[in-house]
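Please look at the sequence and the structure before reading on.

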Amino acid sequence: MLRYIIWIPLVVVTLLVCSVLAALLFHVSPGDVWQALGSSETRFALRLSLATSVAAVALSLCLGVPSGYVLARRRFPAQALLDTLLDLPLVMTPLVAGIGILFLFGRDWLGGTLAELGVRLVFTPLGAVLAQTFIAVPIVIRSSRAAFEGVNRRFELAGQTLGLSAPEIFVRITLPLAWQGILTGAILAWARALGEFGATLMVAGATRFKTATLPVSVYLNISSGELGAAIACAWILLALGFVLLLAVKLLGRSRRTASASGGGGMLS
Amino acid sequence: MISLRGISNRVLHAVDLDIRDGELLALVGPSGAGKTTLLNVAAGLVPYTGSVLFHNRPVDRLPPRRRDIGYVFQDLLLFPHLNVEQNLLLAMRRLGLNRTEKKERARRILESFRIDALRGRFPHELSGGEQQRVALARAVVARPKLLLLDEPFANLDFRTARYLRQELKKQQRRLGLTTLFVTHNLAEARELGDRIAVMQQGRVKQEGTIEEIWFQQELGEIGFLEKPNILTCSYAINLGNGLVEVGWAGTKLLVPDDGVSMERVAILPDEIYISTEKSMGPPINRFTGLVSDIIKSDGIVQVAVSVGDDILRVEMSPEHFLALNVTEGQQVHGILKLRALKGL
């Protein structure tokens with residue numbers, strides 16, 4: 001009997017998650033949701049969400065992978081401090097992050113200069129990209145740093161003795177050995193960027209057919225009482241999130257079987 | 001010639017060493033003696049003072065990738081994400097060949113190591129011995145000026161290691177590779193080394209052929225190498241069939257002809273077999289003597305046998321000693337393994 005007691009918390013949690021999902025699914029009639037799924041507003045939100053999140057992940061990779069490499073391979077003063085600082089967006093209330101970005105890129109500070117150059121960030125889809133990048137880049141930094149730390153540096157020594165230059169070693173040896181860890185981080189960052197709401201709301205605003213990503217669309221439709229449309233957007237988000245998390249799980253499994261001789265590092 | 005001149009760093013103290021063109025110099029010594037550090041100095045992987053000369057040209061300011069070396073690390077470091085052929089191709093980037101030429105060269109070297117069938121395999125799909133050969137092929141495929149080998153056979157089973165040692169010697173000769181080979185295994189050093197350098201506590205203590213080193217030991221110099229029995233010969237006749245007959249302690253011995261004068265003959269204590277009964281077989285290199293002393297130490301038993309005016313030291317395992325069942329003063333019959341005898 002005792003051996004079954006240990007399962008109870010797991011069952012409780014599973015039931016809770018399933019119940020919440022069921023509540024979302026069955027609160028409104030499936031017909032309404034189905035109709036909303038095909039609406040132009042939902043389709044716009046989906047397209048915008050995909051476009052901004054993909055751009056945010058790309059930007060996060062460009063900034064985060066080299067940053068992760070430096071953090072993994074170089075030692076400098078106040079490194080722990082910087083490391084903690086860069087993790088801060090992970091635990092920051094996204095709404096607060098959004099306010100900060102809004103102030104920075106508003107009329108007074110950077111925004112003024114950028115406006116003179118013809119770049120408008122606030123209340124545009126570009127702002128959504130910026131907000132999502134801010135939230136996603138720490139995930140990429142963390143995962144790529146762990147991945148680079150997991151690469152045996154002696155492989156790089158071997159590369160040197162074989163006549164390879166530092167860039168060749170990075171591209172031909174280090175990066176391929178770390179890429180699974182980096183990819184895992186990129187997928188998690190993508191999932192995070194897709195679901196990002198608070199910061200996007202503050203920076204890009206909530207205008208239908210302009211800056212309404214899927215999460216913002218859920219918010220707008222709930223506010224105006226259009227539950228069917230809100231639930232439709234919610235379900236798209238959940239489906240995308242599930243697929244991405246599953247991809248991470250499968251990637252982790254293939255890595256465990258393939259990394260017989262020292263592949264990339266696991267994400268902690 | 002590759003020369004190391006006055007090399008010092010945290011581990012090494014004013015090391016001078018020459019590796020002649022095309023020779024395999026075996027670097028032996030206990031762990032912590034600085035053998036691997038010396039390899040890393042030659043490769044340029046660790047800081048040092050002093051000078052490394054490749055054919056009279058100092059390479060101290062060159063980074064490892066410009067030194068034209070091949071390095072087989074103890075842990076091999078085959079790139080796990082690349083298959084065998086790709087591992088070799090990556091090692092040829094410095095040669096500036098086109099892809100076809102590189103592939104052809106990789107094919108030839110893999111064939112000569114008899115591993116061309118493995119070219120599409122990944123390192124984790126290879127056995128220990130196969131990985132070893134791939135690492136060796138990768139290190140030599142760009143024809144380095146200096147080949148560095150760090151205990152390459154340490155992690156292999158006995159039979160594979162023995163086979164690969166012969167293979168390495170053959171390839172090293174065939175390609176004329178100037179090679180510095182690190183090992184803590186004396187038998188390996190003797191088998192492979194054209195010359196041997198003995199390292200201890202960051203210094204090169206002795207350098208020369210095994211015979212020279214044995215002889216120096218006889219003169220009382222410090223040595224880490226096991227001490228051979230040195231037999232003084234009363235006469236030597238070259239039989240002309242690759243054997244030399246020498247007189248020792250009233251008997252005659254046959255010794256492989258090394259082209260030396262054979263005033264003395266050396267044999268290691270573990271190459272001598274003794275028994276309480278006269279054994280069968282041809283009466284070559286036999287002796288009879290009395291057990292004069294028995295010393296048991298950790299894992300090994302030394303039996304001193306007086307033969308004529310000489311004392312032979314014989315080494316064996318405790319198990320073998322138990323089976324032998326001899327006591328001091330007892331008569332024993334012995335055999336000196338012909339191939340283990342070396343003229344000095």
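The model is predicted: local features need pLDDT of at least 70, side-chain atom pairs count only at pLDDT 80 or more, and totals for chains, interfaces and linings use all residues. Residues are numbered from 1 along each chain as its sequence is written, while chains are lettered from A and ligands numbered from 1 in the order in which they are written.

**Helix pairs in chain A**

Two packed helices are described by the angle between their axes and the distance between the axes. Helices here are DSSP runs (H or I, at least four residues), numbered from the N terminus. Axes are lines fitted to C-alpha atoms over the stretch in contact, and angles run from 0 to 180 degrees between N-to-C directions.

| Helix pair | Angle | Axis distance |
|---|---|---|
| α9(A) (residues 153-161) and α10(A) (residues 166-195) | about 155° | 10 Å |
| α5(A) (residues 79-91) and α8(A) (residues 125-149) | roughly 125° | within 8 Å |

At its angle, the pair α5(A) and α8(A) is oblique. The term covers what is left when angles under 35 degrees count as roughly parallel, over 145 as roughly antiparallel and 65 to 115 as roughly perpendicular. From α5(A) the contact takes Leu86(A), Asp87(A), Pro89(A) and Leu90(A), and from α8(A) it takes Phe134(A), Ile135(A), Pro138(A) and Ile141(A). Residues are in contact if their C-beta atoms, placed from the backbone, lie within 7 Å. Seven of these residues are nonpolar, none is polar and one is charged. Ala, Val, Leu, Ile, Met, Phe, Trp, Tyr, Cys and Pro count as nonpolar, Asp, Glu, Lys and Arg as charged, and the others, Gly among them, as polar.

The helices α9(A) and α10(A) are roughly antiparallel. Phe155(A), Glu156(A), Gly159(A) and Gln160(A) of α9(A) meet Ile169(A), Ile173(A), Thr174(A) and Leu177(A) of α10(A). This contact has four nonpolar, three polar and one charged residues.

**Between the chains**

On chain A, 19 residues are in contact with 19 residues of chain B. Both α9 and α10 of chain A give two or more residues to this side, and α9(A) gives the most, with six. The side of chain A consists of nine nonpolar, seven polar and three charged residues.

**Chain B**

Chain B has domain 1 (2-218) and domain 2 (229-343), with bounds from an automatic or database domain assignment. Their centres, taken over C-alpha atoms, are 36 Å apart. After helix α5(B) comes Gly176(B), with a positive phi near 60°.

Key. Contact = placed C-beta atoms within 7 Å.
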